[in-house]
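Grab a pencil and work through the exercises below. Try each task yourself before you read its solution.

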Amino acid sequence: MHNRVVIIGSGPAGLTAALYAARANLEPLVVRGLQPGGLIATTSEVENYPGFVEGIGGFELADNMEKQAARFGARFLDTLVTRVDAGQRPFVLTTDDGQQLTADTIIVSTGASPRKLGVPGEERLANRGVSYCATCDGFFFRGKKVVVIGGGNSALDEGLFLTRYVEELIIVHRRDTLRADPILQERAFANEKIRFIWDSTVEEILGEERVSAVRIRNLKTGAVSELAVDGVFPYIGHVPNTRLFEGVLTLDAGGYIVTDGRQRTNVPGIFAAGDVVDHIYRQAITAAGEGCKAAMEATWYLAEQEHAAKKASRPESVSSSASS
Ligand code: NAP
């Protein structure tokens with residue numbers, strides 16, 4: 001299947017790129033990936049995306065973006081890209097269901113995934129009390145006691161969401177001040193269901209069939225204690241989803257794709273946008289803005305390529321008489 005534009009990933013960056021590329025009549029193909037809608041679709045409430053006075057659910061926001069792009073001709077494929085060959089033109093993409101797609105341009109918007117704690121018990125008890133998605137799993141913790149790890153916006157936002165269900169929520173943070181926005185801090189401090197354990201990390205998650213406790217180390221005193229809990233929600237940041245591009249695109253030391261100010265990667269014709277590029281702002285609105293820029297750049301790139309191809313195919317006499 002040949003495409004003018006293939007967009008890898010379907011978060012706010014990819015869906016905004018799809019909207020703009022579709023409106024440029026490029027009929028972009030969006031490969032949705034493992035997490036349709038991206039991380040925003042797993043976020044309970046989005047209160048800072050402009051235009052929604054009362055906020056909007058993350059899933060609904062992503063769903064609206066997809067419908068809007070589809071209205072102008074964006075196409076969607078439910079699969080994963082497993083290989084990108086940037087060494088030939090058109091580019092060749094292989095998917096995990098064995099399809100081969102060709103593309104004149106690619107927009108990479110594969111986002112980032114929750115960072116794992118990397119402690120014993122985390123992997124073994126995943127989906128058995130360990131969850132990275134409060135919106136998806138909060139309901140299963142009605143009346144329970146859970147621990148949230150981290151001190152950023154995600155920890156507080158998702159922790160506050162969890163208090164709709166849980167009886168008690170303990171936030172374990174490795175320092176004694178939070179990184180989260182003041183408005184979230186105020187809400188968390190005022191919430192009777194939330195208490196904090198400062199200067200501490202979770203060094204093991206315990207349980208046989210399901211999570212039953214966490215082992216906590218106080219980083220100042222070295223004291224280790226056990227806390228009985230039913231659930232563990234780590235919110236300690238993200239890692240970019242760029243394994244696919246190792247050896248294909250230039251990545252920085254953190255694994256993020258390096259772009260210039262115009263979303264262009266080191267390979268002409270391949271652009272990148274959103275959390276896969278940005279380790280500073282990481283907002284839906286900045287991802288959407290980068291998606292827009294990437295699609296406009298891809299449109300201009302294709303126009304230039306077509307112009308150059310037409311010029312090259314003109315008979316010599318025509319081009320010399322035109323220039324004289
Ligand atoms: P983040 O801002 O990077 O915060 C990660 C938190 O985890 C920090 O408090 C950090 O501690 C802690 N941490 C990191 N590694 C750790 C480890 N190994 N063990 C224990 N703790 C660890 O990540 P985020 O909260 O996921 O937010 C990501 C981005 O999304 C941010 O730009 C954020 O503003 C945005 N976001 C915004 C909203 C909103 O606006 N409502 C909601 C969610 C996310 P230190 O503080 O000590 O570094």
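The domain bounds used here come from an automatic or database domain assignment. This is a predicted model, where local features need pLDDT of at least 70, side-chain atom pairs count only at pLDDT 80 or more, and totals for chains, interfaces and linings use all residues. Residues are numbered from 1 along each chain as its sequence is written, and side-chain values use heavy atoms, with hydrogens and water left out.

**Exercise 1. Find the domains and say what separates their centres.**

Step 1: Domain 1 takes in 2-114 + 238-307, and domain 2 is 134-234.

Step 2: Look at the spacing. Taken over C-alpha atoms, the centres of domain 1 and domain 2 are separated by 32 Å.

Step 3: Along its principal axes, the C-alpha trace of the protein spans about 85 × 40 × 35 Å.

**Exercise 2. Describe how domain 1 and domain 2 touch.**

Step 1: Count the contacts (heavy atoms within 4.5 Å). Six residues of domain 1 meet eight residues of domain 2.

Step 2: Get the buried area, which is the accessible area (1.4 Å probe) that two parts lose on being put together, summed over both. The size of an interface is often given this way, as accessible area lost when the parts come together. Here the two domains bury about 500 Å² between them, with 40% of it on carbon and sulfur atoms.

Step 3: See who contributes. On the domain 1 side, Thr42, Ser44 and Glu47 lose the most area to domain 2, together 65% of what that side buries.

Step 4: Check for a salt bridge (a side-chain nitrogen of Lys or Arg within 4 Å of a carboxyl oxygen of Asp or Glu). There's one between domain 1 and domain 2. The side chains of Glu47 and Arg187 meet in a salt bridge, at 3.2 Å from N to O.

**Exercise 3. Is Ser200 buried or exposed, and which residues does it touch?**

Step 1: Helices (H or I, at least four residues) and strands (E, at least two) are DSSP runs, numbered from the N terminus.

Step 2: Use the cut-offs: buried means under 20% relative accessible area, exposed over 50%, and partly exposed in between (1.4 Å probe, protein chains only). Ser200 counts as buried because its relative accessibility is 3%.

Step 3: List the neighbours. Leaving out residues up to four places away in sequence, Ser200 touches Val172, His173, Arg174, Ile216, Arg217, Asn218 and Leu219.

**Exercise 4. Which parts of the chain do the salt bridges Glu66–Arg32 and Arg195–Glu168 tie together?**

Step 1: Start with Glu66 and Arg32, whose side chains meet at 2.5 Å, N to O. Glu66 lies in helix H2 (residues 58-71) and Arg32 in the loop between strand S2 (29-31) and strand S3 (45-46), so this pair ties together parts 34 residues apart in sequence.

Step 2: Glu66 is buried at 18%, and Arg32 is buried at 14%.

Step 3: Move on to Arg195 and Glu168, with their closest N and O atoms 3.0 Å apart. Arg195 sits in strand S12 (residues 194-197) and Glu168 in strand S11 (residues 168-172), so the pair ties together parts that are 27 residues apart in sequence.

Step 4: Check these two as well. Arg195 is partly exposed at 36%, and Glu168 is partly exposed at 25%.
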